[in-house]
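Have a look at the model first, then read on.

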Amino acid sequence: MVSATERLEEVKADIRSSETVHGRKEGSATLIAVSKTYDADVIRPVLAAGQRMFGENRVQEAMGKWPALREEFDGIELHLIGPLQSNKAREAVATFDVIHTVDRPKIAGALKAEMDRQGRDLPCFVQVNTGEEPQKAGIAPNDVDEFVRHCREDIGLTIVGLMCIPPVEEAPGEHFALLEKIAGRNGLTQLSMGMSADFAIAVGFGATHVRVGSAIFGTRDYG
Ligand SMILES: *Cc1c(COP(=O)(O)O)cnc(C)c1O
């Protein structure tokens, strides 16, 4: 059986080759290893192999496993990539280093209040619902400019980029291109896009952060 550390190296090599093919600087696309549903024993070898950026989608789950791993390994950067409730803002700000899912004014305000209280200033991405899917979180493409302005000027959040999850049944390229375009007109340089099935494509469209889970850790079992 292929191990998570072997798959990690394959994913990193695929990212590097996509950077080269698309004329991007080596290392300009960063890998976030998405470790949701996997426990510390599975994550530890990936940390030992040198990976330091990880993504989790649930605050509670991350609180349960990452404090101990942070004591074992230096330099861990934990990214929240899942939906956030405002009553979890306190734990989220204490547990994570980067937030990818700012998607409504209430969350933006709750995060800012907690960051001020805890003396932290976490870089944030605004989640964009590029496919305008009713069941999916994220700001509609036409509303992003005003929401980014609101987060920055009225609330004072540090918005560094945009994040999207394209519709599963569509080719992702047009969604990645749209995200890049909206980011550009808002002066945002970071793009969180691309998962196991399409991270190499996302790198071609300018992704600075790809979020890859199953291609590293294997198929998830939600029990
Ligand atoms: C689970 C998840 C990923 C990783 O998905 P894989 O297909 O396993 O790579 C990326 N982004 C978000 C928001 C996720 O919830």
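The sections below cover the ligand and the pockets.

## About the model

This is a predicted model, where local features need pLDDT of at least 70, side-chain atom pairs count only at pLDDT 80 or more, and totals for chains, interfaces and linings use all residues. Residues are numbered from 1 along each chain as its sequence is written, and side-chain values use heavy atoms, with hydrogens and water left out.

## Around the ligand

The ligand has V34, K36, I81, M163, I165, M195, S196, R211, V212, G213, S214 and R220 around it (a heavy atom within 4 Å). Six residues of this shell are nonpolar, three polar and three charged (Ala, Val, Leu, Ile, Met, Phe, Trp, Tyr, Cys and Pro count as nonpolar, Asp, Glu, Lys and Arg as charged, the others, Gly among them, as polar).

From G213, a backbone N or O atom lies 2.8 Å from a ligand oxygen. The protein covers 89% of the 390 Å² of accessible area that the ligand has on its own (Shrake-Rupley method, 1.4 Å probe).

The ligand takes up the space of the largest pocket, whose volume is about 450 Å³. Of its 21 lining residues, K36, N57, I81, I165 and M195 are the closest to the centre. A pocket here is an open set of points on a 1 Å grid over the protein atoms alone, where a 1.4 Å probe fits, with protein on both sides within 12 Å along at least five of seven lines; lining residues have an atom within 4 Å of a point.

The second largest pocket holds about 210 Å³, and its lining includes E133, K136, I165 and M195.

Methods. A polar contact is a pair of N or O atoms within 3.5 Å; within protein, one must be able to donate a hydrogen and the other to accept it, and residues adjacent in sequence count only if both atoms are side-chain atoms. A molecule sits in a cavity or pocket if more than half of its atoms lie within 2 Å of its grid points. Grid points are joined across faces, edges and corners, and a volume is the space filled by probe spheres set on the points.
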